[in-house]
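Please open the model in a viewer and keep the selection panel at hand.

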Amino acid sequence: MQSDDVARTVGAQVGDRLLGVDPFPRTAGRLRFRPDGALEVFRTVKERLGFDHLSMVGGIDWVTHREVLYVVWSDSRRQYLILSADLPADAARIESASPIWPAAEWHERETWELVDIQFDHHPDLRHLLLPDGYEFHPLLRSFKLHEPEELEVKQRSV
Amino acid sequence: MWINMGPQHPMTHGLWNLRVKIDGEIITDCDPEMGYLHRGIEKISEDRHYNEVVTLMDRTCYVAGFAWEHLYILAAEEALHIAPPERAEYLRTMCDEFQRIGSHLMWYAAFVQDIGLMSPFLYGMRDRDLVLDLFQSYTGARMTYEYMRVGGVRNDLPPGFTGRARKVLDWLSDRFVEYDRLCLGSDIFRKRCDGLGVLSAADCIATGVTGPMLRSAGVKRDVRRDRPYASYAQLDFDVAVADGADVTARYLVRMEEMRQSVRLLRQVLDWLDRHPGPVLADRLPRWLGAPYAPVGKEDYVLKRNYPKGVGFSSVEEPHGEAQAYVVNEGSEHPYRVKFRSPVFANLSAARHYLIGYRVADIPPIMGSVDICVGEVDR
């Protein structure tokens, strides 16, 4: 029932850029959307449905494509909602959620460096956990754990 | 002028670097620099069996190992469609709450030392050791327990444990009164903490801050109450909140949380005394590496045809709200494991609670955030 409500409200705002809301245990559902409607989906979810607390952003490398995940929480509904978009592996980019949820800033920096998903219009997209100048994206499936990589780490600018 | 506080600095409590821009004594900008402790735990998890990841979870946050084990196990069980027996859920709740006391005592010891009070540090560490002794008596370890398993926990409690645990709780309840007298009664403490590091409720929500920092701003939010896991739905407790959103308010919230943990633990210990039973689900697939699983041909079939699934869990960790997302693609390894660390989000809001204060205010403010670098960097 909860996911029906979410689907109706978001669908009315973004039309066919909403791909569907699947049931997900003990959450308001898993909302799939087309990446070109990202900002409108975020804004609708925050302002019309009250999911004002962004908990995390993450990425999954499915080899054929990449999936970007957002987990948001609403205090009034006491529920989580999972947002998910599929991005092509050769051009994995999506609009940054940081204008809507400032909390996204660090999570997107992490997702960019680990899963190689580009966040457009991010205020400060630079390395967070890995050294500056590190060219690999460790959480891609093509990054093998048992093969040593040769790398030259540049000094961080101070 | 930019100055580096860290990676080796008495304030940091772990390897990280707080770069602050100062104008005289006033902080005008800051930029936490993380990654010194990045071990790639999410990547290593993809190469391990489900139960082997538990070993990594202890090391993700080394002062709250049980909370992270619990977090991962909840998501993994959802992804693998396995349910634990009820006694195991109560045992996990007990682990979580003792861990909360242990972690908050560690925070108390480190925080008051940052402010300049030495004896509370010794008292905090002394009392934390009693909790670690209890952990040692049923897991064999004081920090890295490897106790929880997919489908339950590794072993039951030794005889006489609940009696010993109650004695520790009685001792701790009396000590909390002394702690308050030592800190809240001290002018030095109040002058260094009152009105510092204020982060309003609206800023907390915008920047994703959770846990004691959010509750100190008056927001009554706790995963244990809002989305109960394990056996919290059957237990009685209050969510600790405070007004003021400053360093003192965070102190008050953590102290009240420890009292509530004692209250929860008394109920859990009573339940455990009355309800003996199995602590690990039977008929677990053998490839999970479960010690008591029946050996048989059907396990091989099960592994080949194991249903896929996705698990999402959230846990009220001592530092705030932790989340895990586990993807099971029908093999013995998780396909992807993603964690949300509460300290990661609390630290990302540093600009909001540091700018405008003085350099000498940094140790009490950052101390009140309760930073564990292991879980930020993962």
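Helix axes are lines fitted to C-alpha atoms over the stretch in contact, and angles run from 0 to 180 degrees between N-to-C directions. The model is predicted: local features need pLDDT of at least 70, side-chain atom pairs count only at pLDDT 80 or more, and totals for chains, interfaces and linings use all residues. Residues are numbered from 1 along each chain as its sequence is written, while chains are lettered from A and ligands numbered from 1 in the order in which they are written.

**Stop 1: a helix pair in chain B**

Select residues 53-60 and 65-80 of chain B, which are helices α2 and α3; helices (H or I, at least four residues) and strands (E, at least two) are DSSP runs numbered from the N terminus. The two axes come within 7 Å and cross at roughly 140°. α2(B) and α3(B) are therefore oblique to each other, a term for angles that are not under 35 degrees (roughly parallel), over 145 (roughly antiparallel) or 65 to 115 (roughly perpendicular). Display V53(B), V54(B), M57(B), D58(B) and T60(B) of α2(B) with G65(B), W68(B), E69(B) and Y72(B) of α3(B), which make the contact; residues are in contact if their C-beta atoms, placed from the backbone, lie within 7 Å.

**Stop 2: a second pair**

Next, select α4 (residues 86-115) and α11 (residues 247-274) of chain B, which pack at about 155° with their axes 9 Å apart. α4(B) and α11(B) are therefore roughly antiparallel. Among the residues of α4(B) that meet α11(B) are Y90(B), F98(B) and W107(B), and those on the α11(B) side include R254(B), L264(B) and W271(B).

**Stop 3: chain B as a whole**

Of its 378 residues, 52% count as buried, that is, with 20 or more other C-beta atoms within 10 Å of their own C-beta atom, placed from the backbone. Among contacts between residues at least 6 apart in sequence, 69% join residues at least 24 apart.

**Stop 4: the interface**

Which elements of chain A give two or more residues to the side that touches chain B? In total, 26 residues of chain A are in contact with 27 residues of chain B. The elements are β3 (53-61), β4 (65-74) and α3 (104-115) of chain A. The largest share, 6 residues, comes from β3(A).

Key: Two residues are in contact if their C-beta atoms, placed from the backbone, lie within 7 Å. A residue is buried if 20 or more other C-beta atoms lie within 10 Å of its own, exposed if 12 or fewer, and partly exposed in between; C-beta atoms are placed from the backbone.
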